[in-house]
Amino acid sequence: MASLQLPSSLHGEPLSNSTMFMGMRAPLTFSPYTLSGKHLHSRNQFVVFSKKLWGLEEAMRIRRERELTSVTKVKRRPPLRRGKVSPRLPMPDHIPKPPYVGSNLLPEISSEYQIHDSEGIARMRAACELAARVLDNAGKLVRPSVTTDEIDKAVHQMIIDAGAYPSPLGYGRFPKSVCTSVNECMCHGIPDSRQLQDGDIINIDVTVYLNVRST
């Protein structure tokens, strides 16, 4: 209930605490006390003020009705279903392969810090530039009706054309050359035959194995 403080009388006519205005959805109650500063000195000013409050209430009511009538139903997307995974793509023999290829075991994480010299930094920069270029081209392939398997084939070909190895391929028996995670698949999604749909969210992870020095 909205409360409004007003003087105890107007032109000698007492106002009770229960005085209310009709026509407003929220009643106005008045508590008697003496105002200072800007006063409502006449009944006309009092009526004008009440009309302003009623107009605000009416505007809020109209807004609420419009919000309720303009609510659009959100179409729920069906859960992500796995498509068919195609066979692993072949690799040319002349391209150097990471040590984990052909093994079901993941490489151990080094407990020592790796400090690279200028040559190592240059090799890292070349690998990063290639991965960024491939990722940019892969993003241009994303559109409705394209399958993530098609994106994988394109990424695979771009990487081997640059003389590099697609790092995900064979890592812990991962069967593809890129990770494509769609919608609720958070990461490490395996490319398959599912076609992308309008409104899908896709994350593409590109990593390359390039110019690695033998130790």
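Colleague: Which residues does H156 touch, leaving out those up to four places away in sequence?
Modeller: H156 touches L89, P90, M91, P166, L169 and S177. Contact here means heavy atoms within 4.5 Å. This is a predicted model, so local features need pLDDT of at least 70, side-chain atom pairs count only at pLDDT 80 or more, and totals for chains, interfaces and linings use all residues. Residues are numbered from 1 along each chain as its sequence is written, and side-chain values use heavy atoms, with hydrogens and water left out.

Colleague: Where is H156 found?
Modeller: In helix 3. Helices are DSSP runs of H or I with at least four residues, strands are runs of E with at least two, and both are numbered from the N terminus.

Colleague: Is H156 buried or exposed?
Modeller: Buried, because its relative accessible area is 4%. The cut-offs: buried is under 20% relative accessible area, exposed is over 50%, and partly exposed is in between, with a 1.4 Å probe and protein chains only.

Colleague: What does helix 3 pack with?
Modeller: Helix 2 packs with helix 3, residues 148-161. The angle is about 150° and the axes are 10 Å apart. Axes are lines fitted to C-alpha atoms, for helices over the stretch in contact, and angles run from 0 to 180 degrees between N-to-C directions.

Colleague: Are the two helices roughly parallel or roughly antiparallel to each other?
Modeller: Helix 2 and helix 3 are roughly antiparallel. Under 35 degrees counts as roughly parallel, over 145 as roughly antiparallel, 65 to 115 as roughly perpendicular, and the rest as oblique.

Colleague: Which residues of helix 2 and helix 3 meet?
Modeller: From helix 2, V134, N137 and A138. From helix 3, I151, V155, M158 and I159. By class, this contact has six nonpolar residues, one polar and no charged. Nonpolar covers Ala, Val, Leu, Ile, Met, Phe, Trp, Tyr, Cys and Pro; charged covers Asp, Glu, Lys and Arg; the others, Gly among them, are polar.

Colleague: Switching topic. How many aromatic pairs are there?
Modeller: One aromatic pair. Y100 and Y171 form it, edge-to-face, with 4.9 Å centre to centre and 90° between the planes. Rings of Phe, Tyr and Trp (its six-membered ring) pair if their centres lie within 6.5 Å; planes under 30 degrees apart are stacked, over 60 edge-to-face, and the rest tilted.

Colleague: Which parts does the pair tie together?
Modeller: Y100 lies in the loop between helix 1 (43-69) and helix 2 (118-140), and Y171 in the loop between strand 5 (165-166) and strand 6 (179-182), so the pair ties together parts 71 residues apart in sequence.

Colleague: And is Y100 buried or exposed?
Modeller: Y100 is buried, at 12% relative accessibility. Y171 is partly exposed, at 37%.

Colleague: What does P92 touch, again leaving out residues up to four places away in sequence?
Modeller: K97 and I160. P92 and I160 are 68 residues apart in sequence, and their C-alpha atoms are 7.8 Å apart in space. P92 sits in the loop between helix 1 and helix 2. It is partly exposed, with a relative accessible area of 25%.

Colleague: Now backbone angles. What is phi of R173?
Modeller: Near 65°, a positive value in a residue other than glycine. R173 is in the loop between strand 5 and strand 6. It is exposed, at 63% relative accessible area.

Colleague: What about phi of H188?
Modeller: H188 has a positive phi of about 55°, and it is not a glycine. Its place is the loop between strand 6 and strand 7 (202-205). H188 is exposed, at 54% relative accessibility.

Colleague: Where is C187 found?
Modeller: In the loop between strand 6 and strand 7. C187 is partly exposed, with a relative accessible area of 42%. C187 and I202 are 15 residues apart in sequence and 9.8 Å apart in space, C-alpha to C-alpha.

Colleague: Last, the whole protein. How many helices and strands are there?
Modeller: Three helices and eight strands. Along the sequence, the pattern reads β-β-β-β-α-α-α-β-β-β-β. Of the 215 residues, 27% count as buried.
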